[in-house]
Amino acid sequence: MIGSDRDTEPGGLLQVCDDLGPDGAEGSELTYLHGVSVSLDTPAPDDLDAIEVPAGKWAVFRTAGPHPQALQTTWAATATAWFPSNPWRLRPGPSIVAILERAADFSTATCELWLPVEPS
């Protein structure tokens, strides 16, 4: 569960990566969670982990199509095309994949990639 002051955004099933070092080197340790977004005043059950996501700006990229290929292509495009051509950089905080719709076998999905950003 992630606590958010954005009234439970992002929606859907969430895959959350947090505590990744600034260089994000291959093999780095990180926190990886699956869950849902809840309001800050919703207590997490004792047997679940929860993180609080502070307010801030986010770049949100929607993907749809073959999964995970469409999502992987979007991740790559953020680094090779979007960030180099826009006045934003990553800021500390988790990266979040929100799975909004999916096929029963997960062969296709509609997702949003949420990246924490700040002006560069």
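Mentor: Start at Phe 106, in the loop between S8 and S9. Keep in mind that this is a predicted model.

Trainee: Why does Phe 106 count as partly exposed?

Mentor: Its relative accessibility is 28%. Buried means under 20% and exposed means over 50%, with partly exposed in between. So Phe 106 counts as partly exposed at 28%.

Trainee: Which other residue has a positive phi although it is not a glycine?

Mentor: Asp 19, with a phi of about 65°. Asp 19 sits in the loop between strand S2 and S3.

Trainee: Why does Asp 19 count as exposed?

Mentor: The cut-off for exposed is over 50%. Asp 19 has 53% relative accessibility, so it counts as exposed.

Trainee: What makes the bond between His 67 and Pro 68 a cis peptide bond?

Mentor: Look at omega: it is about 15° for the cis bond that joins His 67 and Pro 68. Most peptide bonds are trans. Pro 68 is found in the loop between S6 and helix H1.

Trainee: How do you know that strands S8 and S9 pair?

Mentor: Count the bridges. Two strands pair if at least two bridges are found between them. S8 and S9 have 6, in the antiparallel sense, so they pair. Ile 99 stands opposite Cys 111 in S9.

Trainee: Which sense does the pairing of S6 and S9 have?

Mentor: Antiparallel, over 10 bridges. Here Thr 63 has Cys 111 in S9 as its bridge partner. S7 and S9 also pair in the antiparallel sense, over 3 bridges. Leu 90 has Val 117 in S9 as its bridge partner.

Trainee: What makes S9 mostly covered?

Mentor: Of its 12 residues, 9 are buried.

Trainee: What makes Glu 112 and Arg 62 a salt bridge?

Mentor: The closest N and O atoms are 2.9 Å apart. The cut-off is 4 Å, so the pair qualifies as a salt bridge. Glu 112 is in strand S9 and Arg 62 in strand S6, 50 residues apart.

Trainee: Why is Glu 112 called buried?

Mentor: Its relative accessible area is 13%. Buried means under 20%, so Glu 112 is buried. Arg 62 has 56% relative accessibility, so it counts as exposed.

Trainee: How many salt bridges does the structure hold?

Mentor: There are 2. One of them joins Arg 89 and Glu 118, the closest N and O atoms being 2.8 Å apart. Arg 89 lies in strand S7 and Glu 118 in strand S9, so the pair ties together parts 29 residues apart in sequence.

Trainee: How close is the reach of H1 to the expected value?

Mentor: H1 reaches 23 Å from its first C-alpha to its last, close to the 24 Å expected. The helix has 17 residues.

Trainee: Where is the kink in H1 centred?

Mentor: On Thr 78, and the kink is about 50°. Residues buried in H1 include Thr 78 and Phe 83.

Trainee: Which residues make the nonpolar surface patch of about 280 Å²?

Mentor: Leu 20, Leu 30 and Tyr 32. Tyr 32 is found in strand S3. A patch residue needs over 30% relative accessible area. Tyr 32 has 43%, so it passes that cut-off.

Note on methods:
Residues numbered from 1 in each chain as written. Predicted model: local features only at pLDDT ≥ 70, side-chain atom pairs only at ≥ 80, totals over all residues. Heavy atoms only, no water. Patch = residues over 30% accessible without salt bridge, like charges linked within 9 Å, V, L, I, M, F, W, Y side chains within 5 Å. Areas by Shrake-Rupley, 256 points an atom, 1.4 Å probe, with all protein chains shown as cover. Salt bridge = Lys/Arg side-chain N within 4 Å of Asp/Glu carboxyl O. Helix = DSSP H or I, 4+ residues; strand = E, 2+ residues; numbered from the N terminus. Buried < 20%, exposed > 50% of the residue type's maximum accessible area, 1.4 Å probe, protein only. Expected span 1.5 Å × (residues − 1). Bend = angle between axes of the 7 residues up to and from the residue.
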